[in-house]
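Open the model in your viewer and keep the selection tool ready.

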Amino acid sequence: MEETTVSVIGIIIAALLMFIVPLILISDRSDDIAQLLVQTATAEFVDEIIKTGKITDDKYQKFISEITTSRNSYEIDMELKILDENTAKIGSNNTYYSIFTSQIEDIIGVSGNINENNADGKIILKQGDIISVTVNNNSKTLSQSLKGFFYGINGTDISIIAATASGTVAITGAR
């Protein structure tokens, strides 16, 4: 009877190893692919802004579309540090003022309301302005869920998929 119990336990452990371990490894690879996709899309989005000197609704929607192909949801944080022309003209140190994600989205018309001051739905940047974009997943991936279940890891404050890109605008954008 003891041998039967040991055999049953052995079969259960073998089955777990045969199915669960590959599932965890495959879900980890899926997260790696999503990480690469998000990092590449974020870098390309920022590079395009740096090269053209403008942010448009089309570019932003394309960026969102690219990162969501990984079937995760993301939180996007953008910051534009705009060089204050007044302090630059009088020869003092460069002074920047910042605008953030919700303000940027309002200006380019993401929310459906195009700002009256910028009716064409784009932000024209100057040479020397600074753009910074950070993307973090805010949904639990399969890998996070499995690891949480098997390893007893709790909490959702850890972003497995994250990307950051920033740079200084190289050219003043054309209207």
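Select helix H2, residues 57-68, in this predicted model. Its twelve residues, at 1.5 Å a residue, should span 16 Å.

Next, which residues of H2 are buried? Select Lys-59, Tyr-60, Phe-63 and Ile-67. Look down the axis: these residues cover an arc of only 95°, which means they sit on the same side of H2. The helical repeat explains such a pattern: an α-helix has 3.6 residues a turn, so residues three or four places apart point the same way.

Now turn to the face of H2 that points away from the buried side. Exposed residues Asp-58 and Lys-62 are there.

What do the buried residues of H2 pack against?

- helix H1 (2-52) and helix H4 (101-108)
- strand S1 (54-56), strand S2 (74-83) and strand S5 (130-137)

Zoom in on Lys-59, which lies in helix H2. Is this lysine buried or exposed? Its relative accessibility is 17%, under the 20% cut-off, so Lys-59 counts as buried.

Select what Lys-59 touches, leaving out residues up to four places away in sequence: Phe-45, Glu-48, Thr-52 and Lys-54.

Last stop: Lys-54. The side chain of Lys-59 reaches the backbone oxygen of Lys-54 at 3.0 Å.

Terms used. Residues numbered from 1 in each chain as written. Predicted model: local features only at pLDDT ≥ 70, side-chain atom pairs only at ≥ 80, totals over all residues. Heavy atoms only, no water. Helix = DSSP H or I, 4+ residues; strand = E, 2+ residues; numbered from the N terminus. Expected span 1.5 Å × (residues − 1). Buried < 20%, exposed > 50% of the residue type's maximum accessible area, 1.4 Å probe, protein only. Arc of directions from axis to C-beta. Contact = heavy atoms within 4.5 Å. Polar contact = N/O pair within 3.5 Å; in protein donor to acceptor, adjacent residues only side chain to side chain.
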